[in-house]
Amino acid sequence: MTLSSLVNSTVTFPLSPGTSIEIPLGRIISALIILIAGVFIAKIVKREVIKASRSTTHVWIINEETASALSNLVIFLAVIKSLDELGVLSYRIWGIYLSNILTALLVFYFSYLLAKKSKDYMITRAPQNKLPEAQVKAKLFYYSVVTLSFFIALNIAGVSGELSTLLAAAGITGIVLGFASQTVVANFVSGVFMYFDKPLQIGDAVRLKDSSGAVVEGIVEDIKIMSTRIRQWDGTLLRIPNDKLFNSEIVNLQKYPARRATIEVGIAYGADAEKAIEIIERILEEEPYVLAKPEPRVYVDRLDDSSVVIRIWAWVPSSRWVGENLLRSKYHLLQRIKEALDEAGIEIPFPQRVNWFANELKVRIEEPRQDAGE
Amino acid sequence: MFGEYKLRTQFIKIGPQKIHIVEERPGVFKYRRGDVKVIFKAGGERLRVIPGPAVGYGVKLLMIEFNEKVVVPPEEEMDFFLTAPVEVEVLLGSAPVDRFNIEREKYALYGTPETGAIARYWRSELHTSEPDSLGVVRLHLVNMTRKWMEMDHVIMYLRDTVMYYSTERAYYPLITVDFKSGVPEVNNTGKPPADGLTPTKEPLPLPNFLMRW
C-alpha cells in the first residue's frame, strides 16, 4: 500500500447502531497536526505573557491569569479548526449544529473573562476614597455582562427560540420556579436598591437591628449582589441576605466625623453634685478623644430611687468610638471618672431601700443556750 | 534635643520623655523609651531625632484657638507667634524607629457634625515675640481689604508638612493668613519661619486652606 493510498483511505466511526461516519485518514492526521500545533503555540503564548508580566507595570492585565486565558483561547481555536478539518462541525447534536455550540461557548467564556478583567481593573484603578462605590459598580457591570453574554450565547447556539417555547410550554414549572426563586430575586433587587440608596458602604462601622430586635455590629466587609458581609467585632463574619438588610434598621456609626456619646453616672444623695460635675468636667478636659469643640456638657439629669443621675454629653471622633477603639476611649474614660470620684470621696451607690415600719419594731435578743454546743 | 546623634550608650531627653540607647554588643544597639523597645544595627548611620507635625491618630488639620481675639485694620499686616503641639520622630536612615507625643493630645471638630473634620486642637496666646515653647508657629496676617477683620482661631494643613528645627525647638513653616475675600485663606508656605533652621525634608508649600468656619 502506497503512502498516498494510505492517506486517502477512510476510517469509519460507529455513532449508533446503524449509523457511522467515515473520515479520510489524511484529514485525521491534519486535524491532529493542527491540535498539536495549537497546544505548542498556546504554551509559547503563555510563557511569553508570564515573562512579560515580570517586567511590566500593567500587572492588572499582563499576568498569569491572562496568560492562561490566552493559552486556552489558542487551544480552543485549534480544537475548532481540527473539528472543522474532520468535517464534523456540520453535525447536529440535539438538532443544534456543533459549530454553533462551540461558537456560543467561545463567546460566553471570553465575555466572562473580559467582564472579570474589567471588574478587577475598575476596582484596582479606583482612588482609595471611592473604592467602596467602585466595587459595587464593578460588580454590577460584571453581572450585567455575564447575563447578557449568556443570552447572546444561547442566541448564537440557536436555542433561544426553543428555550422560549420550552418556557412557554412549561408555564406551570415557571410559576413554581418563580415562587422558589422569590427570595433570590428579592435579594438581588434589594442589592440594587441599596446601591442607589447607599445606607452603608464597604469599610463603614454599622449597627443593624432586625424586626426581631436582634442587634449586630461590625464593619462592612463586602456588598455583593445577593448578600452583604459584616465582620463583627469578635472577628466572625456575618452574611446577611440583602433583602433582610434592606428591611433592617441600619445605624451608620461612622457616617459623620463626630458623634455625641452619652454616659450616665449615679452619685449618692449625700454627695456634692456640683463637685462631682466639676471633677467629671476636668476628666473630660484631660481625655484626648473627648472633643474640645463642641464642648462636652455635664448636668444632673434626674433623681432616681437610689442615686442622683449625672448625664454626660461628649462629642467624640466617630472612628475612635467603635470596636476595639472603645478600650482607649469610652472604657478608659469610664474608669477615670470612677477613679476620680472615688478619690474625691464621692460615692457611686448601689440600689438601696429604706423601710419604715408602721408600728414600733421590737427586737428580742436571746442569749445562746448553754447546751447549744453540746 | 533635636538633631543627629552618634550611636553610643546614652540618654537623650526630649521634653518630659527620656530615650535610652544601650550598645548591646559592638555595632548593635537597643533603643528604649518606656515600653517601646527596638534593636538595630547601626550600619554607619546616626540616629535622627526630629520634630513631626502633630497628626495624632491621623488627622489632617491643626486648630489653634487664640486666648484672645485679634483685630487687623484695613490694608495692614500683623505678625504673631503661637505655641503649637509637635510630635517627635526617631529615624535611623530612612527607617522609623519611634514616634511619640510630647504635648497634650486633644482634638476638636472643625465645621459641622455633618460636613466637618476632626482636627488636632491647641490653645495659645498670641505672642509678639518667639515664645519659650517646644513647638512654635509664626503667623503672618495680611488684610488687604477695606474692612476691619477679626480672628480668634486658625486652621492649617498638617499632613505631609515640612517641619523646621533648632536643637531646642520645633517650628511649623511660616503660616500666612490672607483676608482678601473676606474668608481667611490660610497658606502653609513651606518656608522657614526664621533663619538658621534645619528642615526635616524637602520644603514644599501645601494647598491653601479656606477657613469657612
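1. **Ground rules.** This is a predicted model: local features need pLDDT of at least 70, side-chain atom pairs count only at pLDDT 80 or more, and totals for chains, interfaces and linings use all residues. Residues are numbered from 1 along each chain as its sequence is written, while chains are lettered from A and ligands numbered from 1 in the order in which they are written.

2. **Chain A overall.** Chain A has 11 helices and 12 strands. Helices (H or I, at least four residues) and strands (E, at least two) are DSSP runs, numbered from the N terminus. Of its 374 residues, 18% count as buried. Buried means 20 or more other C-beta atoms within 10 Å of the residue's own, exposed means 12 or fewer, and partly exposed lies in between; C-beta atoms are placed from the backbone. Among chain A contacts with a separation of 6 or more, 60% join residues 24 or more positions apart. Contact means that two C-beta atoms, placed from the backbone, lie within 7 Å.

3. **Helix H10(A).** H10 of chain A covers residues 273-286. Its 14 residues should span 20 Å at 1.5 Å a residue, and its end C-alpha atoms are 20 Å apart, which agrees. The expected span is 1.5 Å times one less than the number of residues. The buried residues of H10(A) are Ala276(A), Ile280(A), Ile283(A) and Leu284(A). Down the axis they fall within an arc of 100 degrees, so they line one face of the helix. That arc is taken over the directions from the helix axis to the C-beta atoms. Exposed Glu274(A) and Arg282(A) sit on the face turned away from the buried side. Cover for the buried residues includes strands S10 (258-267), S11 (297-303) and S12 (308-317) and helix H11 (330-343) of chain A.

4. **H4(A) against H5(A).** The axes of H4 (residues 98-124) and H5 (residues 131-157) of chain A come within 9 Å and cross at roughly 175 degrees. The two helices are therefore roughly antiparallel, a label for angles over 145 degrees. Their contact has 20 nonpolar, 6 polar and 4 charged residues. Nonpolar covers Ala, Val, Leu, Ile, Met, Phe, Trp, Tyr, Cys and Pro; charged covers Asp, Glu, Lys and Arg; the others, Gly among them, are polar.

5. **Chain A with chain B.** 12 residues of chain A are in contact with 12 residues of chain B. The chain A side has 10 nonpolar, no polar and 2 charged residues.

6. **Val38(B).** Val38(B) lies in strand S5 (residues 36-41) of chain B. Val38(B) counts as partly exposed, with 16 C-beta neighbours inside 10 Å. Leaving aside neighbours within four places in sequence, Val38(B) is in contact with Tyr31(B), Val97(B) and Asp98(B).

Conventions:
Axes fitted to C-alpha atoms, helices over the stretch in contact; angles between N-to-C directions. Parallel < 35°, antiparallel > 145°, perpendicular 65-115°, else oblique.
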